[in-house]
Amino acid sequence: MLDTRTARPAPKVADPELLTAEHKAWRLEVLKRAHWRCQWPGCQAHGRRGGVRLYADHILERKDGGASLDPRNGQTLCPKHHQVKTAKARAARMRST
């Protein structure tokens, strides 16, 4: 049995698609369109001068058939709201299998 108190998790490996110039351009376009603000209703997080790290999130996740480089499938989210949205999408995906 693995002792989870001392075992190190496997190192995180970035998806190679997320490292491409095309994806970086998509991300920048999504962030600029949102004026570097979280687009979650009521959230005031700001990325540029506010110093919050923002995610360019796929509205319909790539795993669920969302277009990976279409800016219309992108939204800007702060870490908290990105985690909430991703967890909901993952739970929905697990229910449908």
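Modeller: Let's begin with burial: a residue is buried under 20% relative accessible area, exposed over 50% and partly exposed in between, using a 1.4 Å probe and protein chains only. Asp70, at 22%, is partly exposed. This is a predicted model, in which local features need pLDDT of at least 70, side-chain atom pairs count only at pLDDT 80 or more, and totals for chains, interfaces and linings use all residues. Residues are numbered from 1 along each chain as its sequence is written, and side-chain values use heavy atoms, with hydrogens and water left out.

Colleague: Thanks! With which residue does Arg72 form a salt bridge?

Modeller: The general idea first: side chains of opposite charge can pair when their charged atoms come close. Here a salt bridge is a side-chain nitrogen of Lys or Arg within 4 Å of a carboxyl oxygen of Asp or Glu. Arg72 pairs with Asp70, their closest N and O atoms being 2.9 Å apart. Arg72 is exposed, with a relative accessible area of 70%.

Colleague: How many salt bridges does a search of the whole structure find?

Modeller: The search finds 7. One of them links Lys85 to Glu61, with 3.6 Å between the closest N and O atoms. Lys85 lies in helix α2 (residues 79-95) and Glu61 in the loop between β1 and β2, so this pair ties together parts 24 residues apart in sequence. Helices (H or I, at least four residues) and strands (E, at least two) are DSSP runs, numbered from the N terminus.

Colleague: Which salt bridge do Arg93 and Glu61 make, and are they buried or exposed?

Modeller: Their side chains meet at 2.7 Å, N to O. Arg93 is also in helix α2, so its pairing with the loop residue Glu61 ties together parts 32 residues apart in sequence. Both Arg93 and Glu61 are buried, and Lys85 is buried too.

Colleague: And how do β1 and β2 pair?

Modeller: Two strands pair if DSSP finds at least two bridges between them. β1 and β2 do this in the antiparallel sense, over 4 bridges. For Asp57, the bridge partner in β2 is Gln75. In strand β2 (residues 74-77), Gly74 and Thr76 point one way and Gln75 and Leu77 the other, and all are buried.

Colleague: Where does Arg48 lie?

Modeller: Arg48 sits in the loop between α1 (21-33) and β1 (55-58). Arg48 is exposed, with a relative accessible area of 56%.
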